[in-house]
Structures are given as C-alpha cells and as structure tokens.
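Morning, everyone. I have one structure to show today, and I'll keep it short. Here it is.

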Amino acid sequence: MSDTSAGTQRIDPSKRTWLIASGCAGAVGAGFTAVPFISSFQPSEKAKAAGMPVEVDISSLRPGEKMTVEWRGKPVWIIKRTPEQLAELPKLDGQLADPKSERHPDEFTPEYARNEGRSIKPEVLVVVGICTHLGCSPTDKFQPGPQPSLPADWQGGFLCPCHGSTFDMAGRVFKNKPAPDNLPVPPHMYVSDTRLRIGEDKQA
C-alpha cells in the first residue's frame, strides 16, 4: 500500500529543485527592481545642493559685463558696473518707486545693500534676475539712449519683456510700473577680493 494520501500528488525531486531555484531568482529580481524604485525617493544631488551657498569667481568680469549663476533654482546676476553707470544712479532717485530700498527690506534687500548701489562693493551688483511682478526674467538694456519700449532719456538697466517693468542699474524699479518692488538682492558675501559666496552672509 502506498503512503501517499489520496488526492496528494507526488512532486518529482527535479521539479522541486527547479521551483525553488525559480522562486529564489524571482525574489532576487524583485530586489534589484526595488532598489531604483526606493532610490527615487531619496533627494537627488542637485536637490541637495539647491539650498547650499554657491561660490563664484568674478576675477574675469570686466566693467559693463554680466554673469549669471544658479542659486536655489533662480538666476542670480552679477554685474560689474562702469563708473558712468554708477554716476547715473543718484540722478534717478526721483523716477524710482523705492529708491532707498525701504519696501520689504528683509525680503528684498539685506542691510548691507541698503545703499544707492544696493551692493557691498559699489561696482558689483548682485541681484536675483526675476521680476517682482509675475516672475518673468528681465532682459539687459545696458546701452543708454532711446530704444523700443524705453524712455528717450534711458540710462541703462533692465526691461521686463512680459509687462514692461523697468529697473535701473541697481535693480530698482521705476515708478508707475507693474512690478511692485525692486529686484531682490540675495544674501551674499566676499570670501576674497575676487570670490563671491551667494546664499550666505556674515549677518546670517
């Protein structure tokens, strides 16, 4: 008499080995599939760096030139102003909505940039290149003189192409424009004469 109970099917030992091996392979495969899936929940290197300070070498920046770096996903402009551009700034105060950067200073202008040039070093302007109206990026209009969409006595600055807001060479908004505030000055400091750290300052 056989010891196999009725209704129970005997499994061939070779098939049992094949089933165990297949199950193990499936488990290992699932593990490898899960690794990238789980890793996708970890912050990327770019995301980790998004809030970190950015150091910039400005030694090659010449008067009248601009460079752009990214900080927290935003364009930050570094402009080396000419002596002529600096000389024009005080003459524009009467045409500006907030010439002394007194509106929302904690949000838009750190204490060390609450001056005519809105800068630590008079010749170097550091601003976030995003219009305070609806977030468009203004275009450079450094050349003085009459130009399309600009006044005849234009002395250089920035024009927002979306709704026509204009800013001077210190990022200060002109009166009667859609933008309510000056361009933001990000926290920044000099780590040497030619290196800037954006995103960190001595007051932080």
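Start with the largest pocket. Its lining has 15 residues. Nearest its centre lie Glu-107, Pro-184, Val-185, Pro-186 and Pro-187. The space inside is about 290 Å³. Keep in mind that this is a predicted model.

Which element gives the largest share of that lining? That would be α4, with 4 residues. By class, the pocket lining splits into 9 nonpolar, 1 polar and 5 charged residues.

Now the cavity. How do we find such spaces at all? Rolling a probe the size of a water molecule over the atoms shows where empty space is left. How many cavities of 30 Å³ or more turn up here? The count is 1. The largest cavity holds about 60 Å³. Sorted by class, that makes 4 nonpolar, 3 polar and 1 charged.

Take Tyr-190. You will find Tyr-190 in strand β8, residues 188-192. Is Tyr-190 buried or exposed? Its relative accessible area is 15%. The cut-off for buried is under 20%, so Tyr-190 counts as buried. What does Tyr-190 touch, leaving out residues up to four places away in sequence? The contacts are Ile-58, Ile-120, Lys-121, Val-124, Arg-195 and Leu-196. Glu-55 and Tyr-190 are 135 residues apart along the chain. Their C-alpha atoms are separated by 9.3 Å.

Then Tyr-112. Tyr-112 sits in a loop. That loop runs between α4, residues 105-108, and β4, residues 124-128. Tyr-112 has a relative accessible area of 18%. The same cut-off, under 20%, applies, so Tyr-112 is buried too. How far is Tyr-112 from Lys-202 in space? The answer is 10.0 Å, C-alpha to C-alpha. In sequence, Tyr-112 and Lys-202 are 90 residues apart.

Last point: confidence. The protein averages a pLDDT of 82. Of the residues, 75% score at least 70. Where does pLDDT stay under 50? One such stretch is residues 1-8. Over residues 1-8 the model has 1 contact beyond four places in sequence. Residues 27-44 are also below 50. That stretch, too, has 1 contact in the model beyond near neighbours in sequence.

That's my tour. Over to you for questions.

Key. Residues numbered from 1 in each chain as written. Predicted model: local features only at pLDDT ≥ 70, side-chain atom pairs only at ≥ 80, totals over all residues. Heavy atoms only, no water. Helix = DSSP H or I, 4+ residues; strand = E, 2+ residues; numbered from the N terminus. Buried < 20%, exposed > 50% of the residue type's maximum accessible area, 1.4 Å probe, protein only. pLDDT = per-residue confidence, 0-100. Contact = heavy atoms within 4.5 Å. 1 Å grid on protein atoms, 1.4 Å probe; cavity = no way out; pocket = protein on both sides within 12 Å on 5 of 7 lines; lining within 4 Å. Points joined across faces, edges and corners; volume = space filled by probe spheres on them. Nonpolar A, V, L, I, M, F, W, Y, C, P; charged D, E, K, R; others polar.
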